[in-house]
Amino acid sequence: MIIIGEKINGAIPSIKKAIAERDEALIVERTLAQVKAGVNYLDCAPSTSTDVEYETMVWLINLMQGVTDVPLAIDSPNAKLLARIIEEGHVARPGLVNSVNEESDKCETIFPIIAGTDWNVIGLTCDKDGIPAQPEKKIDIAKSIIDKAVKYGVKLSNLHIDPCVMALATMPSAMKDFETAIRGIHEYAPEVKVTGAISNISFDMPARKYVNANAMAYAVAAGLDSAILDPCNMDMMGTIYACEALQMKDKSGRKYNRAYRQGKFGQKK
C-alpha cells in the first residue's frame with residue numbers, strides 16, 4: 001500500500017494556525033512524525049485563500065524538504081498553481097500532483113508537464129457536474145482521465161485514480177460503490193493505481209475509527225493501491241498491514257512482522 005500522509009493540510013485547524021503564524025516547529029514535528037510512520041508521500045496542502053496560496057506552498061515545500069527526502073504531494077485545486085510550482089523547480093524530486101479531474105482543463109494543464117517524468121498524479125472522478133453518486137459514472141470519468149494520460153504520454157503506473165469515497169451516513173451503498181469503482185478502474189487499466197481518502201466514509205458517524213478500519217479492509221480486498229490517511233494512526237496502519245498479509249500482497253507476512261517490531265502498530269512487548 002502506498003501511503004500519502006495527510007497531516008500537513010491547512011484544512012486541519014492546528015495546521016491552519018501554524019501556517020498563519022509561520023510556526024515552523026509544528027510543521028516540522030508533524031512532517032517527521034509521518035516520516036517515522038513510513039509514508040511514501042507527504043501531502044503539502046496550504047488550503048489558504050488564493051492570493052497567498054503560492055507563497056504559502058513554497059514556504060511549506062522548502063520547510064518540509066529541509067528535514068526529509070520523502071517525496072511531496074503538492075496539493076491544490078488550482079492546476080495552474082501546481083504547474084507553476086513544478087515548472088519553477090521548487091520541488092527537489094518528483095513527487096505526486098494532487099490533483100486533476102474532468103471539471104475543466106486540469107488534465108490538459110498538468111499532463112504535458114509531467115509526461116515522461118517520474119511525477120505521479122491523482123485524478124479525481126468528478127466533472128463539470130460535480131462528484132457523481134453512481135459508481136458507473138465515476139468509472140466513465142476515470143476512463144476519460146486514463147485516456148488523456150495515454151494521449152499525453154503519462155505513465156499509467158504513475159496515475160492514481162480517486163473515486164471519491166462518499167459518506168455512509170448519507171449513502172448506505174458507499175462502500176459497495178467504492179468497491180465497484182476500484183474493480184471497474186482496474187478492469188479498464190490494470191496498471192493504474194486506485195487511491196482514496198478512506199476516512200470520508202465515516203463522516204457524521206459515531207466511533208468513526210471502526211468504520212474507517214473496516215472500510216479499509218474491504219477496500220484492500222477490492223484492490224486499493226494507495227490511500228490518503230494519517231500514518232500515525234496505529235489502528236489504521238495495523239489494519240493495512242494485516243489485510244495485505246491476509247490477501248497475500250505481503251507474502252509470509254514479512255512487512256506485517258517488521259512493521260510490528262518497529263512499533264508502527266500494536267503494542268510492543
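Author: Cys126 is buried, at 5% relative accessibility. The model is predicted, and its disulfide count comes to zero. A disulfide is a covalent bond between the sulfur atoms of two cysteines. Here the pair must have its sulfur atoms within 2.5 Å. The closest cysteine sulfur to that of Cys126 belongs to Cys164 and is 5.3 Å away, which is too far for a bond. Cys243 is in no disulfide either, since the nearest cysteine sulfur, in Cys232, is 20 Å away. Cys243 is also buried, with a relative accessible area of 11%.

Another cysteine, Cys107, belongs to a helix contact. Helix α5 spans residues 106-114 and helix α6 spans residues 135-152. Their axes come within 9 Å and cross at roughly 35°, and the crossing is right-handed. On the α5 side, the contact is made by Cys107, Glu108, Phe111 and Pro112. These meet Ile145, Lys148, Ala149 and Tyr152 of α6. Sorted by class, the contact of α5 with α6 has six nonpolar residues, two charged residues and no polar ones.

Elsewhere, helix α1, residues 13-21, contains Ser14. Ser14 counts as partly exposed, with 27% relative accessibility. Apart from neighbours within four places in sequence, Ser14 is in contact with Leu26 and Arg30. Ser14 and Leu26 are 12 residues apart in sequence, and their C-alpha atoms are 8.7 Å apart in space.

Methods: Residues numbered from 1 in each chain as written. Predicted model: local features only at pLDDT ≥ 70, side-chain atom pairs only at ≥ 80, totals over all residues. Heavy atoms only, no water. Buried < 20%, exposed > 50% of the residue type's maximum accessible area, 1.4 Å probe, protein only. Axes fitted to C-alpha atoms, helices over the stretch in contact; angles between N-to-C directions. Helix = DSSP H or I, 4+ residues; strand = E, 2+ residues; numbered from the N terminus. Left-handed = near helix turned anticlockwise from the far one by under 90°. Contact = heavy atoms within 4.5 Å. Nonpolar A, V, L, I, M, F, W, Y, C, P; charged D, E, K, R; others polar.
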